[in-house]
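Here is a friendly briefing to read alongside the model. Keep the viewer open and follow the residue numbers as they come up.

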Amino acid sequence: MFVCVPQAVHAAVTAPVGQWIQTDPEAKIPESSLVRIDQMPDGTLQGVVTRVLQSRLGTDPRCGKCTGELHDKPFVGMTVLWGLRRDGDKWDQGWVLDPRNGKTYKVEVTPIHHGEALDVRAYVGTPLFGRTQVWKRYAAGGISPHGTNADLSHNR
């Protein structure tokens, strides 16, 4: 007797919750921070800066270019990613704040490398007109939080 058991074509996609190293390799002075992504009760994702590792704005950078209630607030503790909803293998329909310039962009996040990295695509209008950073999963004792690991410099 032959029994055919269907197999899942794609592995289950889990929410990219956890601590991530955000690095901007295109900055003239290397900049990086830790962002904690959590899944909210409504199922959306939210990311908060938990630590600034390197910044051209010093050791306690503030959002001088932000407007409203965020003006001159410290980066640490600032919500910089919100409203992301799962759409197949990615998370989109959300927003990302760049506290260096005070601007908000649409964003989509796609887990890559078996969930050990994220493609974070910020854009205006359509994803075709945007920029992607690769954020690496941070684990204490793993990737260096000081940005010295060469693996952090990848940008797609």
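The notes below go from the overall fold to the pocket, the disulfide and a few individual residues.

This is a predicted model, and its chain has 156 residues, of which 38% are buried. The chain contains eight strands and zero helices. Its largest pocket holds about 610 Å³ of space, and one disulfide is present in the structure.

**Overall fold**

- Among contacts with a separation of 6 or more, 37% are between residues 24 or more positions apart.

**The largest pocket**

- Which residues lie nearest the centre of the largest pocket? They are Gln22, Leu97, Asp98, Arg100 and Gln133, out of a lining of 30 residues.
- Two or more lining residues come from each of β1 (18-24), β2, β3, β5 (90-98), β7 (117-123) and β8 (130-137).
- By residue class, the lining of this pocket divides into 15 nonpolar, eight polar and seven charged residues.

**The disulfide**

- Cys63 and Cys66 are the partners, with an S to S distance of 1.6 Å.
- In general terms, such a link is a covalent bond between the sulfur atoms of two cysteines.
- The Cys63 and Cys66 link is right-handed, with 60 degrees about the S-S bond.
- Both Cys63 and Cys66 are buried.

**Thr44, a buried loop residue**

- Thr44 belongs to the loop between β2 (31-39) and β3 (45-54).
- Why does Thr44 count as buried? Its relative accessible area is 7%, and the cut-off for buried is under 20%.
- Beyond its neighbours within four places in sequence, Thr44 is in contact with Asp38, Gln39, Gly83, Leu84 and Arg85.
- The side chain of Thr44 also makes a polar contact, at 2.6 Å, with the side chain of Asp42.

**Ile29, a partly exposed loop residue**

- Ile29 sits in the loop between β1 and β2.
- Ile29 counts as partly exposed because its relative accessibility is 48%, which falls between the limits of 20% for buried and 50% for exposed.

**Backbone angles to check**

- As background, most residues other than glycine have a negative phi.
- Gln93 is not a glycine, yet its phi is positive, at about 65 degrees.
- Gln93 lies in strand β5, and with a relative accessible area of 56% Gln93 is exposed.
- His114 is likewise not a glycine and has a positive phi, of about 55 degrees.
- Where does His114 lie? Its place is in the loop between β6 (103-112) and β7.
- His114 counts as exposed because its relative accessible area is 86%, and exposed means over 50%.

How values were computed
Residues are numbered from 1 along each chain as its sequence is written. This is a predicted model: local features need pLDDT of at least 70, side-chain atom pairs count only at pLDDT 80 or more; totals for chains, interfaces and linings use all residues. Side-chain values use heavy atoms; hydrogens and water are left out. A disulfide is a pair of cysteine sulfur atoms within 2.5 Å. Buried means under 20% relative accessible area, exposed over 50%, partly exposed in between (1.4 Å probe, protein chains only). Helices (H or I, at least four residues) and strands (E, at least two) are DSSP runs, numbered from the N terminus. Contact means heavy atoms within 4.5 Å. A polar contact is a pair of N or O atoms within 3.5 Å; within protein, one must be able to donate a hydrogen and the other to accept it, and residues adjacent in sequence count only if both atoms are side-chain atoms. On a 1 Å grid over the protein atoms alone, a cavity is a set of points where a 1.4 Å probe fits but cannot get out, and a pocket is an open set with protein on both sides within 12 Å along at least five of seven lines; lining residues have an atom within 4 Å of a point. Grid points are joined across faces, edges and corners, and a volume is the space filled by probe spheres set on the points. Ala, Val, Leu, Ile, Met, Phe, Trp, Tyr, Cys and Pro count as nonpolar, Asp, Glu, Lys and Arg as charged, and the others, Gly among them, as polar.
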